[in-house]
Amino acid sequence: MDNTTRLLQRHTDQIDTPETLIAEASDPELARLAPRARLHSDRMDATGGWATEPLPRIDADTHRVVVILPKSMERLEMLLAVLAGQCRSALELWLVGPTREGIRSGLTRLEQRAEWVQALDSARHCKLYRARLLPDRPAGLDDFAASFVYQGLKIISYPGVFSHGRLDEGTRELLAVMDTQEHRGSVLDPGCGSGVLSAALARAGREVTAVDNSSTAVAATRATLAANQLHATVECGDGYTGLGRFDAIWTNPPFHQGLRRTLEVSEALIRQAPRYLNKGGTLTLVANRELPYPRLLEESFSTWRILRESNRYRVYRARRS
Ligand SMILES: C[S@@+](CC[C@H](N)C(=O)[O-])C[C@H]1O[C@@H](n2cnc3c(N)ncnc32)[C@H](O)[C@@H]1O
(Lines give C-alpha, C1' and ligand atoms only; values in the text may rest on other atoms or scores of the structure.)
Protein backbone atom coordinates (compact mmCIF):
# COMPACT_ATOMS: atom_id res chain seq x y z
CA MET A 1 0.00 0.00 0.00
CA ASP A 2 1.37 3.46 -0.91
CA ASN A 3 2.09 5.82 1.99
CA THR A 4 -0.47 8.28 0.62
CA THR A 5 -3.10 5.52 0.79
CA ARG A 6 -2.08 4.78 4.40
CA LEU A 7 -2.61 8.42 5.30
CA LEU A 8 -6.00 8.45 3.57
CA GLN A 9 -6.89 5.29 5.50
CA ARG A 10 -7.20 7.49 8.60
CA HIS A 11 -10.05 9.36 6.84
CA THR A 12 -11.93 6.47 5.25
CA ASP A 13 -15.24 7.47 6.83
CA GLN A 14 -15.14 10.71 4.82
CA ILE A 15 -13.78 9.48 1.48
CA ASP A 16 -15.58 6.14 1.11
CA THR A 17 -18.71 7.71 -0.32
CA PRO A 18 -20.20 7.71 -3.85
CA GLU A 19 -19.90 11.51 -3.80
CA THR A 20 -16.08 11.32 -3.59
CA LEU A 21 -13.86 11.21 -6.66
CA ILE A 22 -10.24 10.11 -6.13
CA ALA A 23 -8.00 11.34 -8.96
CA GLU A 24 -4.60 9.86 -9.89
CA ALA A 25 -5.70 6.70 -8.05
CA SER A 26 -2.98 4.38 -9.31
CA ASP A 27 -2.59 2.39 -6.07
CA PRO A 28 -4.93 -0.64 -6.43
CA GLU A 29 -5.34 -0.63 -2.62
CA LEU A 30 -7.51 2.47 -2.94
CA ALA A 31 -10.29 0.36 -4.44
CA ARG A 32 -10.32 -1.75 -1.26
CA LEU A 33 -10.00 1.26 1.02
CA ALA A 34 -12.82 3.28 -0.55
CA PRO A 35 -14.98 0.87 -2.58
CA ARG A 36 -17.86 3.34 -2.78
CA ALA A 37 -15.76 6.27 -4.07
CA ARG A 38 -15.19 6.85 -7.79
CA LEU A 39 -11.54 6.33 -8.74
CA HIS A 40 -9.74 7.80 -11.71
CA SER A 41 -6.30 6.95 -13.00
CA ASP A 42 -5.10 7.55 -16.53
CA ARG A 43 -3.62 4.03 -16.42
CA MET A 44 -6.41 1.90 -15.01
CA ASP A 45 -10.16 2.06 -14.62
CA ALA A 46 -11.93 1.22 -11.36
CA THR A 47 -12.29 -2.45 -12.31
CA GLY A 48 -8.58 -2.83 -13.09
CA GLY A 49 -9.26 -2.55 -16.83
CA TRP A 50 -7.50 -0.01 -19.02
CA ALA A 51 -8.42 3.63 -18.75
CA THR A 52 -9.82 5.37 -21.77
CA GLU A 53 -9.97 8.85 -20.24
CA PRO A 54 -6.72 10.74 -19.62
CA LEU A 55 -8.49 13.15 -17.25
CA PRO A 56 -11.00 12.80 -14.38
CA ARG A 57 -14.61 13.93 -14.72
CA ILE A 58 -16.76 15.46 -11.98
CA ASP A 59 -20.35 14.15 -11.78
CA ALA A 60 -23.29 16.31 -10.74
CA ASP A 61 -23.29 14.59 -7.33
CA THR A 62 -19.53 14.86 -6.68
CA HIS A 63 -19.04 16.69 -3.37
CA ARG A 64 -15.36 16.05 -2.77
CA VAL A 65 -12.32 15.38 -4.96
CA VAL A 66 -9.17 13.81 -3.53
CA VAL A 67 -6.10 14.35 -5.73
CA ILE A 68 -3.10 12.09 -5.16
CA LEU A 69 -0.02 14.14 -6.02
CA PRO A 70 1.25 13.17 -9.48
CA LYS A 71 4.99 12.95 -10.24
CA SER A 72 4.78 15.90 -12.62
CA MET A 73 3.80 19.34 -11.27
CA GLU A 74 2.60 20.26 -14.76
CA ARG A 75 0.17 17.36 -14.54
CA LEU A 76 -1.08 18.64 -11.17
CA GLU A 77 -1.61 22.10 -12.68
CA MET A 78 -3.55 20.53 -15.55
CA LEU A 79 -5.67 18.40 -13.17
CA LEU A 80 -6.56 21.38 -10.98
CA ALA A 81 -7.46 23.47 -14.04
CA VAL A 82 -9.57 20.69 -15.55
CA LEU A 83 -11.40 20.07 -12.25
CA ALA A 84 -11.92 23.82 -11.68
CA GLY A 85 -13.32 24.07 -15.20
CA GLN A 86 -15.94 21.44 -14.40
CA CYS A 87 -17.34 22.84 -11.15
CA ARG A 88 -20.13 25.40 -10.97
CA SER A 89 -19.39 26.46 -7.38
CA ALA A 90 -16.45 26.01 -5.01
CA LEU A 91 -15.71 22.30 -4.51
CA GLU A 92 -14.04 20.57 -1.57
CA LEU A 93 -10.65 19.31 -2.73
CA TRP A 94 -8.05 17.30 -0.82
CA LEU A 95 -4.46 17.07 -1.95
CA VAL A 96 -2.25 14.31 -0.55
CA GLY A 97 1.35 13.49 -1.34
CA PRO A 98 4.78 12.56 -0.01
CA THR A 99 6.91 15.30 1.54
CA ARG A 100 9.97 14.24 -0.45
CA GLU A 101 8.14 14.14 -3.75
CA GLY A 102 6.95 17.71 -3.93
CA ILE A 103 3.82 18.11 -1.79
CA ARG A 104 4.99 21.63 -0.88
CA SER A 105 5.18 22.63 -4.55
CA GLY A 106 1.78 20.98 -4.94
CA LEU A 107 0.43 23.12 -2.13
CA THR A 108 1.65 26.26 -3.93
CA ARG A 109 -0.24 25.16 -7.06
CA LEU A 110 -3.34 24.47 -4.98
CA GLU A 111 -3.20 27.89 -3.28
CA GLN A 112 -3.31 29.54 -6.71
CA ARG A 113 -6.69 27.95 -7.44
CA ALA A 114 -8.35 27.49 -4.06
CA GLU A 115 -9.55 29.24 -0.90
CA TRP A 116 -9.53 28.09 2.73
CA VAL A 117 -6.47 25.90 2.25
CA GLN A 118 -5.64 24.08 5.49
CA ALA A 119 -3.40 21.21 6.62
CA LEU A 120 -5.66 18.31 7.58
CA ASP A 121 -3.23 15.53 8.53
CA SER A 122 0.34 14.33 8.26
CA ALA A 123 1.86 10.85 8.66
CA ARG A 124 4.16 8.37 6.91
CA HIS A 125 6.22 11.23 5.40
CA CYS A 126 3.07 12.46 3.63
CA LYS A 127 0.84 15.49 4.05
CA LEU A 128 -2.86 15.97 3.43
CA TYR A 129 -4.41 19.38 2.67
CA ARG A 130 -8.05 20.41 2.36
CA ALA A 131 -9.25 23.41 0.36
CA ARG A 132 -12.14 24.80 -1.66
CA LEU A 133 -11.32 24.73 -5.36
CA LEU A 134 -12.65 27.80 -7.17
CA PRO A 135 -14.55 27.39 -10.46
CA ASP A 136 -12.82 28.54 -13.64
CA ARG A 137 -13.32 28.38 -17.41
CA PRO A 138 -13.38 24.86 -18.96
CA ALA A 139 -9.98 23.36 -19.77
CA GLY A 140 -8.80 20.15 -21.42
CA LEU A 141 -5.69 18.30 -22.60
CA ASP A 142 -5.15 20.55 -25.59
CA ASP A 143 -4.80 23.63 -23.35
CA PHE A 144 -1.72 21.98 -21.86
CA ALA A 145 -0.19 20.43 -24.99
CA ALA A 146 3.48 21.02 -25.71
CA SER A 147 5.31 20.16 -28.92
CA PHE A 148 8.73 19.97 -30.51
CA VAL A 149 9.95 19.16 -33.99
CA TYR A 150 12.20 16.21 -34.78
CA GLN A 151 13.44 16.11 -38.38
CA GLY A 152 10.25 17.62 -39.73
CA LEU A 153 7.92 15.59 -37.48
CA LYS A 154 5.75 17.54 -35.05
CA ILE A 155 5.71 15.65 -31.73
CA ILE A 156 2.87 16.47 -29.32
CA SER A 157 2.67 15.58 -25.64
CA TYR A 158 0.67 16.39 -22.53
CA PRO A 159 1.71 16.82 -18.89
CA GLY A 160 2.57 13.48 -17.31
CA VAL A 161 3.82 11.96 -20.58
CA PHE A 162 7.48 10.90 -20.54
CA SER A 163 9.87 13.70 -21.53
CA HIS A 164 6.97 16.13 -21.97
CA GLY A 165 7.69 18.74 -24.64
CA ARG A 166 11.25 17.66 -25.45
CA LEU A 167 13.12 14.83 -27.08
CA ASP A 168 14.70 12.46 -24.55
CA GLU A 169 18.45 11.92 -25.06
CA GLY A 170 18.09 8.13 -25.07
CA THR A 171 15.30 8.30 -27.64
CA ARG A 172 17.51 10.58 -29.76
CA GLU A 173 20.20 7.87 -29.79
CA LEU A 174 17.63 5.28 -30.85
CA LEU A 175 16.28 7.51 -33.62
CA ALA A 176 19.81 8.06 -34.90
CA VAL A 177 20.10 4.32 -35.55
CA MET A 178 16.68 4.19 -37.17
CA ASP A 179 17.76 6.78 -39.71
CA THR A 180 20.45 4.44 -41.03
CA GLN A 181 18.48 1.21 -41.04
CA GLU A 182 16.39 -0.49 -43.67
CA HIS A 183 12.67 -0.12 -42.94
CA ARG A 184 9.98 -2.62 -43.78
CA GLY A 185 7.34 -4.88 -42.20
CA SER A 186 5.36 -4.66 -39.00
CA VAL A 187 6.77 -3.00 -35.93
CA LEU A 188 5.73 -2.62 -32.29
CA ASP A 189 6.51 0.44 -30.16
CA PRO A 190 5.80 -0.69 -26.57
CA GLY A 191 5.72 2.28 -24.17
CA CYS A 192 5.06 4.76 -26.99
CA GLY A 193 4.87 7.95 -24.83
CA SER A 194 4.49 10.98 -27.10
CA GLY A 195 4.65 8.73 -30.18
CA VAL A 196 7.99 10.01 -31.45
CA LEU A 197 9.28 6.52 -32.36
CA SER A 198 5.93 5.50 -33.85
CA ALA A 199 5.80 8.63 -36.01
CA ALA A 200 9.37 8.11 -37.29
CA LEU A 201 8.67 4.43 -38.01
CA ALA A 202 5.34 5.18 -39.73
CA ARG A 203 6.98 7.86 -41.87
CA ALA A 204 9.59 5.28 -42.89
CA GLY A 205 6.75 3.16 -44.28
CA ARG A 206 6.39 0.61 -41.49
CA GLU A 207 3.12 -0.83 -40.27
CA VAL A 208 3.17 0.42 -36.67
CA THR A 209 1.42 -0.72 -33.49
CA ALA A 210 1.94 1.55 -30.49
CA VAL A 211 1.04 0.64 -26.90
CA ASP A 212 1.31 2.47 -23.61
CA ASN A 213 -0.26 1.85 -20.20
CA SER A 214 -1.04 5.56 -19.86
CA SER A 215 -4.13 6.82 -21.69
CA THR A 216 -2.57 10.31 -21.67
CA ALA A 217 0.39 8.88 -23.62
CA VAL A 218 -2.02 7.10 -25.97
CA ALA A 219 -3.80 10.43 -26.59
CA ALA A 220 -0.42 12.09 -27.22
CA THR A 221 0.68 9.41 -29.70
CA ARG A 222 -2.63 9.74 -31.57
CA ALA A 223 -2.24 13.53 -31.65
CA THR A 224 1.36 13.22 -32.92
CA LEU A 225 0.34 10.83 -35.70
CA ALA A 226 -2.61 13.03 -36.71
CA ALA A 227 -0.42 16.16 -36.75
CA ASN A 228 1.87 14.45 -39.26
CA GLN A 229 -0.90 12.73 -41.25
CA LEU A 230 0.50 9.33 -40.36
CA HIS A 231 -1.31 6.13 -39.42
CA ALA A 232 -0.69 3.51 -36.71
CA THR A 233 -2.71 1.26 -34.41
CA VAL A 234 -2.54 2.87 -30.97
CA GLU A 235 -3.80 1.15 -27.82
CA CYS A 236 -3.74 1.40 -24.06
CA GLY A 237 -2.26 -1.81 -22.66
CA ASP A 238 0.30 -3.49 -20.48
CA GLY A 239 3.52 -4.57 -22.18
CA TYR A 240 2.83 -7.22 -24.83
CA THR A 241 -0.50 -8.36 -23.34
CA GLY A 242 -2.96 -9.34 -26.07
CA LEU A 243 -0.56 -8.62 -28.94
CA GLY A 244 0.51 -10.87 -31.82
CA ARG A 245 3.93 -11.16 -33.51
CA PHE A 246 5.90 -8.42 -35.26
CA ASP A 247 8.90 -8.15 -37.58
CA ALA A 248 10.50 -5.67 -35.23
CA ILE A 249 10.19 -4.08 -31.81
CA TRP A 250 11.65 -0.62 -31.18
CA THR A 251 11.64 0.73 -27.66
CA ASN A 252 13.03 3.08 -25.07
CA PRO A 253 11.72 0.89 -22.25
CA PRO A 254 10.21 2.27 -19.03
CA PHE A 255 12.23 2.51 -15.84
CA HIS A 256 9.44 3.85 -13.61
CA GLN A 257 6.20 2.43 -12.27
CA GLY A 258 4.35 5.47 -10.96
CA LEU A 259 6.78 7.21 -8.61
CA ARG A 260 8.91 4.08 -8.13
CA ARG A 261 12.10 3.52 -10.15
CA THR A 262 12.23 -0.10 -11.30
CA LEU A 263 13.59 -2.26 -14.10
CA GLU A 264 10.84 -4.87 -13.78
CA VAL A 265 8.90 -3.78 -16.89
CA SER A 266 12.02 -3.39 -19.05
CA GLU A 267 13.32 -6.80 -18.02
CA ALA A 268 10.00 -8.42 -18.85
CA LEU A 269 9.92 -6.62 -22.23
CA ILE A 270 13.35 -8.03 -23.11
CA ARG A 271 12.76 -11.54 -21.81
CA GLN A 272 9.38 -11.90 -23.53
CA ALA A 273 10.40 -10.20 -26.80
CA PRO A 274 11.29 -13.43 -28.70
CA ARG A 275 7.69 -14.66 -28.23
CA TYR A 276 6.36 -11.53 -29.95
CA LEU A 277 8.82 -11.51 -32.85
CA ASN A 278 8.51 -13.34 -36.16
CA LYS A 279 11.45 -15.57 -37.09
CA GLY A 280 14.42 -13.32 -37.90
CA GLY A 281 12.66 -10.40 -36.23
CA THR A 282 14.65 -7.84 -34.25
CA LEU A 283 14.43 -6.01 -30.95
CA THR A 284 16.13 -2.60 -30.97
CA LEU A 285 16.30 -0.77 -27.68
CA VAL A 286 18.11 2.05 -25.97
CA ALA A 287 19.18 2.02 -22.35
CA ASN A 288 21.46 3.71 -19.94
CA ARG A 289 24.83 2.02 -20.49
CA GLU A 290 25.14 0.99 -16.81
CA LEU A 291 22.01 -1.16 -16.92
CA PRO A 292 22.59 -4.92 -16.96
CA TYR A 293 20.92 -5.49 -20.33
CA PRO A 294 23.76 -7.41 -22.04
CA ARG A 295 23.16 -10.28 -19.60
CA LEU A 296 19.40 -10.20 -20.23
CA LEU A 297 19.89 -10.11 -24.01
CA GLU A 298 22.40 -12.95 -23.78
CA GLU A 299 19.87 -15.05 -21.85
CA SER A 300 16.93 -14.27 -24.14
CA PHE A 301 18.43 -14.14 -27.68
CA SER A 302 21.05 -16.16 -29.55
CA THR A 303 22.48 -13.06 -31.26
CA TRP A 304 22.71 -9.45 -30.15
CA ARG A 305 25.09 -6.53 -30.59
CA ILE A 306 25.64 -2.90 -29.67
CA LEU A 307 24.68 -0.66 -32.60
CA ARG A 308 25.67 2.66 -31.07
CA GLU A 309 26.99 4.04 -27.81
CA SER A 310 27.54 7.39 -26.17
CA ASN A 311 28.81 8.38 -22.71
CA ARG A 312 25.40 7.62 -21.22
CA TYR A 313 23.50 5.32 -23.58
CA ARG A 314 23.77 2.17 -25.60
CA VAL A 315 21.53 1.07 -28.45
CA TYR A 316 21.23 -2.72 -28.64
CA ARG A 317 19.89 -4.92 -31.42
CA ALA A 318 18.95 -8.54 -30.80
CA ARG A 319 17.64 -10.98 -33.43
CA ARG A 320 15.32 -13.94 -33.03
CA SER A 321 16.95 -16.87 -34.85
C1 LIG B 1 11.01 5.72 -21.29
S2 LIG B 1 9.36 6.08 -21.81
C3 LIG B 1 9.54 6.08 -23.60
C4 LIG B 1 8.48 6.88 -24.32
C5 LIG B 1 8.70 7.08 -25.82
N6 LIG B 1 8.78 5.81 -26.51
C7 LIG B 1 9.94 7.89 -26.06
O8 LIG B 1 10.95 7.29 -26.47
O9 LIG B 1 9.93 9.11 -25.82
C10 LIG B 1 8.52 4.56 -21.45
C11 LIG B 1 7.01 4.56 -21.65
O12 LIG B 1 6.51 3.28 -21.21
C13 LIG B 1 5.23 3.45 -20.63
N14 LIG B 1 5.00 2.29 -19.76
C15 LIG B 1 5.38 2.08 -18.47
N16 LIG B 1 5.00 0.87 -18.05
C17 LIG B 1 4.35 0.28 -19.09
C18 LIG B 1 3.70 -0.97 -19.25
N19 LIG B 1 3.66 -1.87 -18.27
N20 LIG B 1 3.11 -1.24 -20.45
C21 LIG B 1 3.14 -0.31 -21.46
N22 LIG B 1 3.73 0.88 -21.34
C23 LIG B 1 4.34 1.19 -20.18
C24 LIG B 1 5.32 4.78 -19.92
O25 LIG B 1 4.02 5.34 -19.73
C26 LIG B 1 6.19 5.59 -20.88
O27 LIG B 1 5.40 6.30 -21.81
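Two residues are in contact if their C-beta atoms, placed from the backbone, lie within 7 Å. Helices (H or I, at least four residues) and strands (E, at least two) are DSSP runs numbered from the N terminus. The model is predicted: local features need pLDDT of at least 70, side-chain atom pairs count only at pLDDT 80 or more, and totals for chains, interfaces and linings use all residues. Residues are numbered from 1 along each chain as its sequence is written.

Begin with helix α4, residues 73–84, which lies across β1, β3 and β6 (126–133). Its direction makes about 30 degrees with β6; such angles run from 0 to 180 degrees between N-to-C directions, with axes fitted to C-alpha atoms, for helices over the stretch in contact. Next select helix α5 (residues 103–113), lying across β4 (91–98), β5 and β6, at about 165 degrees to β4.

Now display the open sheet of six strands, in the order β2-β1-β3-β4-β6-β5 with mixed pairing. Two strands pair if DSSP finds at least two bridges between them. At the edges, β2 (38–40) and β5 (114–123) each pair on one side only. Within the sheet, β1 (residues 20–23) and β3 (residues 64–68) are parallel partners over four bridges; select T20 and its bridge partner in β3, R64.

Finally, move to α7 (196–203), an element that gives two or more residues to the shell around the ligand. Seven of the eight residues of α7 are buried (20 or more other C-beta atoms within 10 Å of their own, C-beta atoms being placed from the backbone). Among them are V196, L197 and S198.

Notes:
A residue is buried if 20 or more other C-beta atoms lie within 10 Å of its own, exposed if 12 or fewer, and partly exposed in between; C-beta atoms are placed from the backbone.
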